[in-house]
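Q: I would like to learn how to read the surroundings of single residues in a model. Can we work through some cases?

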Amino acid sequence: RSCGAAALVFSRMLHDASYAELIATGHHPITHWEIPGDTQQRFQAETLGMHRRATRAVTVNERLQLPWPRALGTPPWALAGQMSGRHGSGNGGEYAVRPAPLWDRGDVFDEVLAAVIEEHTVPIVVGDRWLPRHVVLAIVGTTDFMRVYDPATGGVRTITREEFTGGHLPFGRWHRCWATVVPK
């Protein structure tokens, strides 16, 4: 239920070196704020906090959004709200949800790839043939593949265009892309 929030924390760490240092060491280099625990405990605590912030009725940019029960995970619109703006988990600018219908997955892959090549991170909502159930984060790519952070394993996997467009993503039971959260 916290995969979307973990992807948001990871994205913010990639775009904000001070935040990454806070999670890694427990010390913020600018504000000198300290948080206890080891790296795993700090990441876990921040993920739970991010989940609360992302699913509330007001986004990080103080816009209204449909609140969502945390027990159901992080909805795509909450991912977009948290990625947007200067205080979000993205690297600035507005993000929007882009559905990934079967007939358009090639264009969706190209859109995600273009964003990661421009140093954006892109949440990808994946699931089985019936439901979207998991969030991963595209972090880097080339013309033929993307590297994607998977909160379920804490690792990074490579996905190819063929896997993406063919509905054969390597995320356990979740092998189809349902939507992406891309920069506008």
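The dialogue below takes two residues in turn.

A: The model is predicted, so local features need pLDDT of at least 70 and side-chain atom pairs count only at pLDDT 80 or more, while totals for chains, interfaces and linings use all residues. Residues are numbered from 1 along each chain as its sequence is written, and side-chain values use heavy atoms, with hydrogens and water left out.

Q: In which helix is Ser 11 found?
A: Helices (H or I, at least four residues) are DSSP runs, numbered from the N terminus. Ser 11 is found in helix H1, residues 3-15.

Q: Is Ser 11 buried or exposed?
A: Buried means under 20% relative accessible area, exposed over 50%, and partly exposed in between (1.4 Å probe, protein chains only). Ser 11 counts as buried because its relative accessibility is 0%.

Q: What is Ser 11 in contact with, leaving aside its neighbours within four places in sequence?
A: Contact means heavy atoms within 4.5 Å. On that basis, Ser 11 is in contact with Met 83, Ser 89, Gly 90, Thr 121 and Leu 137.

Q: With which side chain does the side chain of Ser 11 make a polar contact?
A: A polar contact is a pair of N or O atoms within 3.5 Å; within protein, one must be able to donate a hydrogen and the other to accept it, and residues adjacent in sequence count only if both atoms are side-chain atoms. The partner is the side chain of Thr 121, at 2.4 Å.

Q: Where is the place of His 28?
A: His 28 is in the loop between helix H2 (17-25) and helix H3 (39-54). With a relative accessible area of 13%, His 28 is buried. The His 28 side chain reaches the backbone nitrogen of Ile 30 at 3.1 Å.

Key: Helix = DSSP H or I, 4+ residues; strand = E, 2+ residues; numbered from the N terminus.
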